[in-house]
Amino acid sequence: MTHLSMDVLTLSHVAITLIAIVAGLVVVAQMLKSRLSNGWTGIFLATSVLTSVTGFVFFHPANPPTPAQVTGVVALVVLIPTLVGLYVKHLSGFWRPVYVVGAVISLWFNLFVLITQTFDKVPMLCATMPACPAPGGPAFGATQLIVLVLTIVAGWKATKKFHPLNA
């Protein structure tokens, strides 16, 4: 049977991740309206970095890296040009789409992990996977595919519409 750990570290990590997701959804919605909110954007990017960094606290050196840890590394690598595009290059030229794509990918990573953890931790959803807690099965795959497609569409539209410096 699956369960959610109630220790402070795990709950803090989950809270940070949920804040990153909510802020990320707000940031992408604002991008679609060609708006940039420094507050929401800062919260989203900071909590996206924190969720990946705090995920490494669960790392046990004797074991090989887990898929979650690899995801955390890739998520941090994606955030580097995203942060540079916004805070160093100030969305100028090529850096505007770099920022948009990086922010949308960062949101998707957070959503991907949320879906994976939800299927793993909620017994009713875990029962739909052939080898629970290993991710898989049609319901899991369909959920991930729908979120991926919605994220790609939102990212494509945001890349086209997000021009806050011209607004």
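Leaving out residues up to four places away in sequence, which residues does Y99 touch? The list is V27, M31, L36, T41, L45, T82, L86, L91 and F162, where touching, or contact, means heavy atoms within 4.5 Å. This is a predicted model, so local features need pLDDT of at least 70 and side-chain atom pairs count only at pLDDT 80 or more, while totals for chains, interfaces and linings use all residues. Residues are numbered from 1 along each chain as its sequence is written, and side-chain values use heavy atoms, leaving out hydrogens and water.

- Y99 sits in helix α4; helices are DSSP runs (H or I, at least four residues) numbered from the N terminus.
- Y99 counts as buried because its relative accessibility is 0%; buried means under 20% relative accessible area, exposed over 50%, and partly exposed in between (1.4 Å probe, protein chains only).
- The largest nonpolar core has 25 residues, and M31, F44, L45, Y99, V100 and F162 touch the most other members. A core here is a set of buried Ala, Val, Leu, Ile, Met, Phe, Trp, Tyr and Cys residues joined through side-chain atoms within 4.5 Å.
- Helices α1 (8–32), α2, α3, α4 and α6 each put at least two residues into this core, and α4 gives the most, with eight.
- F162 touches M31, S34, R35, L36, L91, R96, Y99 and V100, again not counting residues up to four places away in sequence.

**N110, also in α4**
- N110 belongs to helix α4 and is buried, at 7% relative accessible area.
- Neighbours within four places in sequence aside, N110 contacts A20, I21, F44, S48 and T51.

**Helix α3**
- Helix α3 (residues 67–88) has 22 residues and reaches 31 Å from first C-alpha to last, close to the 32 Å expected at 1.5 Å a residue; the expected span is 1.5 Å times one less than the number of residues.
- Its buried residues include G72, A75, V78, L79, T82 and L86, and the buried residues of α3 pack against α2 (38–55) and α4 (95–121).
- An α-helix has 3.6 residues a turn, so residues three or four places apart point the same way.
- Just after α3, H90 takes a positive phi of about 55°.

**V149 on α6**
- V149 lies in helix α6 (residues 138–161) and is partly exposed, with a relative accessible area of 43%.
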